[in-house]
Amino acid sequence: MRLPSGLSREDVIALERRHVWPPYTSSEKHEQQEPLVIVRGEGAWIVDADERRYLDGVSSWWTCTLGHDPPRLRRVLREQAEQLIHVAAGGITHAPIALLAKELTEVAPAGLTRTHFSDDGSTSVEVAIKIAFQHWQQNGRAKRHRFVALAGAYHGDTIGAASLAALEEFSGVFGPLLFEIVRPPPPDQGWDAVIDHVERELRARPDEIAGVVVEPLIQGAAGMRMHPPEVLQRLRAITREIDTFLIADEVFTGYGRTGHMFACQRAGITPDLMCIAKGFTAGILPMAATMATDRVYDGFRGGPSRALMHGHTFCGHPLGAAIAREVLAIYRDEKIVEGVAPRAAIIERRFARIAEIPGVRRVRALGMIGAADLGEGGYSGAMGHRVYEEALRRGAYLRPLGDTVYVAPPLNVSFEELEQLLDVFEESIRA
């Protein structure tokens, strides 16, 4: 694929600066920065208008778990488009969505049997907290209107999801619009202290808590902050004790990123509600899902007034459903999750070496994720951007989290490409 006839790279940038409003970018920066102008993707690579190739070290915001432009997904998209592109979800169904819902129950933690389809990760979380709130409102626990979320949490940018977030950089400006969250302290004194705090809060106010929301094993936007499976196990135990809902945000951690299909499975737990997106359609189309147990679903029986009060125009979209089904088929046929362990071993080994570079403060690795802290500036730190620029010159695309730099490549990246990416990553840090 090339640029449209008569259009240069500079033309695209000029039009983008004049008419596009990009995410997380100030107006001044937007008018000054030189964005990559990408014309196509090929496996683990993205290619710009000058035919320069870059290894996609972050799976395009953690989404392209199968790389760019997988032929099977392109074929299925074309085939489904020839049959049915869109139909309303009200009183109508179709085979792709019914089959997808069934197939999700076969790979999800046992007991998650119902699926509500939506648009993106933030919306899947929004749906989950609305389900939890409405469930208690109409099932005799109307005082349950508060949620617990961890320090460093990030669950999306819609108002409900942003309320759960604890990152001022993303949601601070919207403070007056957000609802109050019960939040434990950060894990400066260890994760046991965090969960001790959660347990005390839940036992002190069991009639107020509608749910506990957690990113299982890894808080991505918080700088790839990781916690052990025991954290999830303790959260599952305390939510069962007071009989409230555990909501797992698997938007980033799901679909094999941690070495299991879902991170909750690594801890051996089933949440009451689970949010999935990103790898759900492998970056091909915007679509998400919120899965629930029968117990949660049954709380909406009893007449029209008890129906879930949420529905988007494109929920259950046929194109997205067909793609999501084929993603699951590729995972089965090509043993994608099984292929994570040997790649994870390479990442862990290389990050142990990166830890020895002067100036690297901390490293960590889990599954197809490796992260290194280069300073204490958080999102305001400049070290990560310097690594980003060095990596671009060496042929890799990274997206740092302030002073935290990381890799989260496609799960099926070849071993040779993974070593090449890690070479660039290490060289860029040293530079």
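How are helix 9 and helix 10 oriented to each other? The axes of helix 9 (residues 191-204) and helix 10 (residues 229-241) cross at roughly 10 degrees, and angles under 35 degrees count as roughly parallel, so helix 9 and helix 10 are roughly parallel to each other. This is a predicted model. Its aromatic pairs number eleven across the whole structure.

**Helix 9 and helix 10**
- The two axes come within 10 Å.
- On the helix 9 side, the contact residues include Trp191, Ile195, Val198 and Leu202; among those they meet in helix 10 are Val231, Leu235 and Ile238.
- The residues of this contact divide into seven nonpolar, one polar and six charged.

**Aromatic pairs**
- Tyr24 and Trp61 form an edge-to-face pair, with 6.1 Å between centres and 80 degrees between the planes.
- Tyr24 lies in the loop between helix 1 and helix 2, and Trp61 in helix 3, so this pair ties together parts 37 residues apart in sequence.
- Tyr24 is partly exposed, at 45% relative accessible area, and Trp61 is partly exposed, at 37%.
- Trp136 and Phe245 form a stacked pair, 4.5 Å centre to centre with 25 degrees between the planes.
- Because Trp136 lies in helix 6 and Phe245 in strand 10, this pair ties together parts 109 residues apart in sequence.
- Trp136 is buried, with a relative accessible area of 2%, and Phe245 is buried, with 0%.

**Aromatic cluster**
- One aromatic cluster is formed by Phe117, Tyr255, Phe262, Phe280 and Tyr331.

**Charges over rings**
- Arg144 lies over the face of Trp136, 4.4 Å from the ring centre.
- The charged end of Arg53 sits over the ring of Trp45, 4.6 Å from its centre.

How values were computed: Residues are numbered from 1 along each chain as its sequence is written. This is a predicted model: local features need pLDDT of at least 70, side-chain atom pairs count only at pLDDT 80 or more; totals for chains, interfaces and linings use all residues. Side-chain values use heavy atoms; hydrogens and water are left out. Axes are lines fitted to C-alpha atoms, for helices over the stretch in contact, and angles run from 0 to 180 degrees between N-to-C directions. Helices (H or I, at least four residues) and strands (E, at least two) are DSSP runs, numbered from the N terminus. Angles under 35 degrees count as roughly parallel, over 145 as roughly antiparallel, 65 to 115 as roughly perpendicular and the rest as oblique. Contact means heavy atoms within 4.5 Å. Ala, Val, Leu, Ile, Met, Phe, Trp, Tyr, Cys and Pro count as nonpolar, Asp, Glu, Lys and Arg as charged, and the others, Gly among them, as polar. Rings of Phe, Tyr and Trp (its six-membered ring) pair if their centres lie within 6.5 Å; planes under 30 degrees apart count as stacked, over 60 as edge-to-face and the rest as tilted. Buried means under 20% relative accessible area, exposed over 50%, partly exposed in between (1.4 Å probe, protein chains only). A charge sits over a ring if NZ of Lys or CZ of Arg is within 6 Å of the ring centre and within 35 degrees of the ring normal.
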